[in-house]
Amino acid sequence: MAPVTVRDFVVFQGYLDRSAQAAMVEDIRQVASVAPFVQPQTPSGRKMSVRMTSAGRLGWVTDRRGYRYEATHPSGVEWPPIPSAILKLWQDVTSLDRTPDCCLVNYYGEGARMGMHRDHDEGDFSWPVVSVSLGDEALFRMGGSERGGKTESIWLKSGDVVVMGGPARLKYHGVDRLRFGSSTLLPRGGRINLTLRVVSPPADGSGH
Ligand SMILES: O=C(O)CCC(=O)C(=O)O
Ligand SMILES: [Fe+2]
């Protein structure tokens with residue numbers, strides 16, 4: 001199906017069918033058995049409402065020391081490899097030769113949200129970030145290059161894929177809320193979002 005473009009964010013609705021979604025959830029369950037979800041703190045000391053883990057050469061982490069990519073989970077274990085079906089999705093959607101360094105995995109339980117932000121801890125913004133939604137519907141807000149500008153929102157459903165590349169790569173975005181219980185994909189409800197990122201060369205992390 002042809003994607004729809006909203007404020008330069010390219011949205012593929014219904015990209016993954018139910019069985020592909022279920023297989024991806026199982027892949028993530030395996031990732032989390034090695035690198036468990038943690039509820040991270042922002043540099044200012046606030047607990048984020050989402051739980052996070054990563055797969056790949058690098059994982060995105062945050063704590064009092066700042067936002068950054070690390071080669072290991074906070075427990076010290078290496079991040080597990082990015083599951084092959086997820087790499088295939090990246091390849092199919094982007095047609096790029098380069099594979100992503102990081103698959104950040106966010107779990108949104110009831111009431112979880114993500115404030116407006118830009119993804120700019122990576123070293124080269126010419127690569128897109130690809131997002132995959134699994135489970136409950138989420139209200140995804142998209143803005144411009146400046147905080148506080150005009151925004152537009154769409155409900156992302158399970159199986160939707162968003163490509164944040166080109167002019168959208170450094171645009172503000174966030175998740176206002178979930179429709180908790182709107183999907184039966186995850187046994188305990190909630191939503192998983194995957195973001196695939198090319199990280200290297202790493203930026204100095206001074207942003208956000
Ligand atoms: O959950 C989403 O749809 C977006 C997640 C996101 O923007 C991020 O992890 O940087
Ligand atoms: Fe983001």
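Student: Do the residues of the UniProt "binding site" that includes Trp-60 and Arg-147 gather at one spot or lie apart, and how far apart are the farthest two C-alpha atoms?

Tutor: Happy to start there, with a predicted model in which local features need pLDDT of at least 70, side-chain atom pairs count only at pLDDT 80 or more, and totals for chains, interfaces and linings use all residues. Residues are numbered from 1 along each chain as its sequence is written, while chains are lettered from A and ligands numbered from 1 in the order in which they are written. The unreviewed UniProt entry lists Trp-60, Tyr-67, Arg-68, Tyr-69, Asp-121 and Arg-147; UniProt positions follow the numbering used here, feature names are shortened, and annotations may be inferred rather than shown by experiment. These residues span 88 residues in sequence and do not all gather at one spot, because the farthest two C-alpha atoms are apart by 23.2 Å.

Student: Is Trp-60 buried or exposed?

Tutor: Trp-60 is found in strand E4 (residues 59-63), where strands (E, at least two residues) and helices (H or I, at least four) are DSSP runs numbered from the N terminus. A residue is buried if 20 or more other C-beta atoms lie within 10 Å of its own, exposed if 12 or fewer, and partly exposed in between, with C-beta atoms placed from the backbone. Trp-60 has 24 C-beta neighbours inside 10 Å, so Trp-60 counts as buried.

Student: Good! Which elements give two or more residues to the shell around ligand 1?

Tutor: The residues around ligand 1, meaning those whose C-beta atom, placed from the backbone, lies within 6 Å of it, include Leu-104, Asn-106, Phe-140, His-173, Asn-193 and Thr-195. The elements giving two or more are strand E6 (102-108), strand E9 (137-142), strand E12 (173-179) and E13.

Student: Which residues does Thr-195 contact, leaving aside its neighbours within four places in sequence?

Tutor: Thr-195 lies in strand E13 (residues 191-197) and, with 19 C-beta neighbours inside 10 Å, counts as partly exposed. Two residues are in contact if their C-beta atoms, placed from the backbone, lie within 7 Å. With those sequence neighbours left aside, Thr-195 contacts Leu-104, Val-129 and Ser-131.

Student: And how far apart in space are Ser-133 and Leu-156, C-alpha to C-alpha?

Tutor: Ser-133 sits in strand E8 (residues 129-135) and is buried, with 28 other C-beta atoms within 10 Å. Among the residues that Ser-133 touches, not counting those up to four places away in sequence, is Leu-156. The two are 23 residues apart in sequence, and their C-alpha separation is 6.8 Å.
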